[in-house]
Amino acid sequence: MADIIQLLPDHVANQIAAGEVVQRPASVVKELLENAIDAGSSSVKLIIKDAGKTLIQVVDDGCGMSVTDARLSFERHATSKIKSADDLFNLHTKGFRGEALASIAAIAHVELKSRQEQEETGTHIKIEGSEVVSQEVVVTPKGTSILVKNLFYNIPARRNFLKSNPVETRHIIDEFHRVSLAHPNVRFSMFHNGSEVFQLPESNFRQRIVNIFGNKTNEKLVPVDESTEVVTMSGFVGKPEFAKKTRGEQFFFVNNRFIKSAYLNHAVSSAFEGLLKDGAHASYFLNLKVDPQTIDINIHPTKTEIKFDDEHTIYAILRSAIKHSLGQFNIAPVLDFERNANLDTPYQQHKTTASAPAVDVDRSFNPFASDDSKSNSASYRPKKEQSAGWESLYVGLEPKGTNGDIAIDANNFETDPEHVSMFQNASQETGAATYQLHRKYVLSSIKSGMLVIDQHRAHQRILYEEFLKQITVKEGVSQQLLFPLALNFSVDEIKILVELKEQLEHTGFVFSKLEGETLEITGVPTSATESGVSIILEQLISDVENEVPDSSFSQTDMLAKSLAKSLSIKTGQSLTKMEQEHLVNSLFACKEPSTTPDNRLTFVTMTVDELDKKFM
Ligand code: ADP
Ligand code: MG
């Protein structure tokens, strides 16, 4: 039989390679920006039209290319960045595979102008679908300008596969963020359809973040710094209260290269454990510097995933560095709920000098004197609050009489509303029969044993029923803000809020403007704070977006659920005795106290019998 294997022509091979390297306009942007960085540029300009579908241009002031190099740069496996395989483990450049320009030229109309500093004239090359159309001498500024037009013009399937302009633009902006954050010392600008999108002057890392994400970002950043033999870390994490519902601002850079790593992301999330609201994602901007020998970048064509030799150690260091920062900057005064809060030194106290401890001896103390004896110093007597706490454990356990007739059986009141109100009376009349555990649970004693209430969940139930009622009877109470509060949302997001406007007003929101891109609020629900409003609305929008389409009839329900989730007491919040009691009473005044609006348990009971068994 005849031989059937043949070598593919170059332009076909290039098109195949392009399938891996160039998925969408944003991939071209990434490759071109990285080339500009590798060329040692101090200023890089990105120009796009129609989300990059018609035009992508990158202009730099870097080292430029000689006539021969300019021509060669479009060949596959043509690179100035590595010479041998060993160099793969000593990379100091973004590129090294030598396939980006060849791939791009295979699937678009490309024009390149480039001049090296010492040359008077530069080179102008036009390529269409891997074919060189023209090559001329040209007068051009120092550096390189590459124009990529009509991407995927010869692969209609790919072109049709592209998403809408806003989506493709979003991807381009993401790449622009990644490269410009990795190189704050380089000036970047970006223009879309003739208007300026970004103008980023040369700066430090913090300023670069602020220039990209807005002035308000500055106050949200907590520095992270750690230097070890394996890795040097620097950068910032966002304060937990500003955490977003979407995974937007999460950046790892390893040796100035943006990378994705689910594993390291997990390290960050675990450092934030207990500090974030349900479903919120911490922001981070973290630079990791490691020995290039200890990583492999060549495991993925787009070079955004890399392999570390010692991933576990980096995980551990990252986690502890972030925990340390959050603790040090008083973001998380008690990260470890096991630890005694009294042992935590406030950050400012580090600088004050400690005074010598004084020993205060009560010479008149007589251990055999009776409790109310005058000689018994107050400091040796258990504090009032404490003793109340202890005594309260016995509330409801007395034989019928004093408390017995109003205490209830935990196993019954879930089903019997009468018992619910009886329980209310029980705790009202017996005083502080509650105790807060680990700033998470509220314990309350009942006749048959005790109740363990999850404070966050219980409060969700309470607020949910409150909001539902307010929306239905249209009687929300509002607190007036001193100054109108202007918030930034996108047009789409505002549209969502416009649809919910009436219902939101019944919960206490007062809008002075709500159209286009502007949102101005002059009043908020009494349970909300001014600083929390933006998070509440952000959560609400994301809840609406994630809502199952056909359940729109229950918009009121969704709104009440969302607000309840945002505004409820969180785990980690300490509650006064009054608040604890109020929580317990309000919970059992609810129609369905035993579950959250999304059907999770709000409390469990433990009977004395169960406890007894544990002691057997
Ligand atoms: P790689 O970046 O992996 O080397 P590319 O296909 O992206 O591969 O680029 C090929 C070569 O073209 C680079 O190695 C570099 O020498 C040259 N080059 C590309 N872009 C520029 C630029 N903006 N300035 C100077 N040289 C460039
Ligand atoms: Mg490159």
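Biologist: Is Phe152 buried or exposed in this predicted model?

Modeller: The cut-off for buried is under 20% relative accessible area. Phe152 has a relative accessible area of 1%. Therefore Phe152 counts as buried.

Biologist: Where is Phe152 found?

Modeller: Strand β6 covers 143–149. Helix α5 covers 156–161. Phe152 sits in the loop between β6 and α5.

Biologist: What is the phi of Phe152?

Modeller: Most residues other than glycine have a negative phi. Phe152 is a residue other than glycine, yet its phi is positive. The value is near 60°.

Biologist: What is the phi of His438, and where is its place in the chain?

Modeller: His438 is another residue other than glycine with a positive phi, near 55°. Strand β16 covers 434–437, and β17 covers 441–446. His438 lies in the loop between β16 and β17.

Biologist: How does His438 count by relative accessibility?

Modeller: Partly exposed falls between the buried cut-off, under 20%, and the exposed one, over 50%. His438 has 37% relative accessibility. Therefore His438 counts as partly exposed.

Biologist: Now the ligand. Which residues are closest to ligand 1?

Modeller: Ligand 1 is surrounded by 18 residues. The shell divides into 6 nonpolar, 4 charged and 8 polar residues. The closest are Asn35, Thr79, Ser80, Lys81 and Gly98.

Biologist: Which residue has a polar side-chain atom 2.7 Å from an oxygen atom of ligand 1?

Modeller: Two other pairs can be set aside. Asp60 has a side-chain N or O atom 2.9 Å from a nitrogen atom of ligand 1. Leu101 uses a polar backbone atom, 2.9 Å from a ligand 1 oxygen. The side chain at 2.7 Å from an oxygen atom of ligand 1 belongs to Lys81.

Biologist: How much of the area of ligand 1 does the protein bury?

Modeller: Start with ligand 1 taken alone. It exposes 520 Å². Of that, the protein buries 93%.

Biologist: What share of the chain do buried residues make up?

Modeller: The chain has 18 helices and 22 strands. It holds 616 residues. Buried residues make up 45%.

Biologist: What share of the contacts with a separation of 6 or more comes from residues 24 or more positions apart?

Modeller: Take the contacts in the chain with a separation of 6 or more. Residues 24 or more positions apart account for 67%.

Terms used:
Residues numbered from 1 in each chain as written. Chains lettered and ligands numbered in written order. Predicted model: local features only at pLDDT ≥ 70, side-chain atom pairs only at ≥ 80, totals over all residues. Heavy atoms only, no water. Helix = DSSP H or I, 4+ residues; strand = E, 2+ residues; numbered from the N terminus. Buried < 20%, exposed > 50% of the residue type's maximum accessible area, 1.4 Å probe, protein only. Near = heavy atom within 4 Å. Polar contact = N/O pair within 3.5 Å; in protein donor to acceptor, adjacent residues only side chain to side chain. Areas by Shrake-Rupley, 256 points an atom, 1.4 Å probe, with all protein chains shown as cover. Nonpolar A, V, L, I, M, F, W, Y, C, P; charged D, E, K, R; others polar. Contact = heavy atoms within 4.5 Å.
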